[in-house]
Amino acid sequence: MYNFIFSGSESGRRWYPWPMTRKLPALTADTAPFWQGGSRGVLQIHYCAGCRCFFHPPNPICPSCNSFDVAPRAVSGRGRVVTFTINRQAWTPELVEPYVVAIIELAEQANLRLLSNIVGCDPNEVAIGMPVSVTFAQLEDVWIPLFERAGDV
């Protein structure tokens, strides 16, 4: 079974097959903006108006200042690879290896990090510090944020 990744705006989408299955997250009032923002090509991260910080994963209370004044906010979707691993073992039959699992630091704030995959480039070309931008893979009513090589952040 193939899922599809898209990149770019609604009018300039690039689609390509992505043969990886995932367990889908439970959607709640707090998590839905993160998991469904990709339907509009937008990465949404929770932001605290109290201490003016982004945080992830989404939560109804700020983990820094305990404020309830939090809400999802659109971010640029740009960042850099902090660290990564290239997996060369297909743990299930539908996995196509090699694939890259990476920690991405988003451009909006130091230490605002996501665990994701790097797609659309040779895994051997991924490097620490590499600029990346978000793209999304749709699986049912969830849009998984993935990252691909980008220009300078």
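**Figure 1. Overall fold of the predicted protein chain.** Among contacts (heavy atoms within 4.5 Å) between residues at least 6 apart in sequence, 52% join residues at least 24 apart. The model is predicted: local features need pLDDT of at least 70, side-chain atom pairs count only at pLDDT 80 or more, and totals for chains, interfaces and linings use all residues. Residues are numbered from 1 along each chain as its sequence is written, and side-chain values use heavy atoms, with hydrogens and water left out. The protein chain contains one helix and ten strands, taken as DSSP runs numbered from the N terminus (helices: H or I, at least four residues; strands: E, at least two). Of the 153 residues, 42% count as buried, that is, under 20% relative accessible area with a 1.4 Å probe, protein chains only. The chain exposes about 8,300 Å² (Shrake-Rupley method, 1.4 Å probe), of which carbon and sulfur atoms supply 52%.

**Figure 2. The largest nonpolar core.** A nonpolar core is a set of buried Ala, Val, Leu, Ile, Met, Phe, Trp, Tyr and Cys residues joined through side-chain atoms within 4.5 Å. The largest one has 29 residues, and those with the most contacts inside it are Leu43, Ile45, Ile104, Leu106, Ile118 and Phe147. Two or more residues each come from helix 1 (32-36), strand 3 (43-48), strand 7 (99-106), strand 8 (113-118), strand 9 (131-139) and strand 10 (142-149).

**Figure 3. Surroundings of Leu43.** Apart from neighbours within four places in sequence, Leu43 is in contact with Phe34, Arg73, Ala74, Val75, Gly77, Leu106, Leu114, Val134, Phe136, Pro145 and Phe147.

Figure 4. Strand 3 and strand 4 run antiparallel and are joined by three bridges. Cys48 stands opposite Cys53 in strand 4.

**Figure 5. Surroundings of Cys62.** Cys62 lies in the loop between strand 4 (53-55) and strand 5 (70-75). Cys62 counts as buried because its relative accessibility is 1%. Not counting residues up to four places away in sequence, Cys62 touches Cys48, Cys51, Phe55, Ser67 and Val70. The C-alpha atoms of Cys62 and His46 are separated by 8.7 Å, the two residues being 16 residues apart along the chain.

Technical notes: Buried means under 20% relative accessible area, exposed over 50%, partly exposed in between (1.4 Å probe, protein chains only). Two strands pair if DSSP finds at least two bridges between them.
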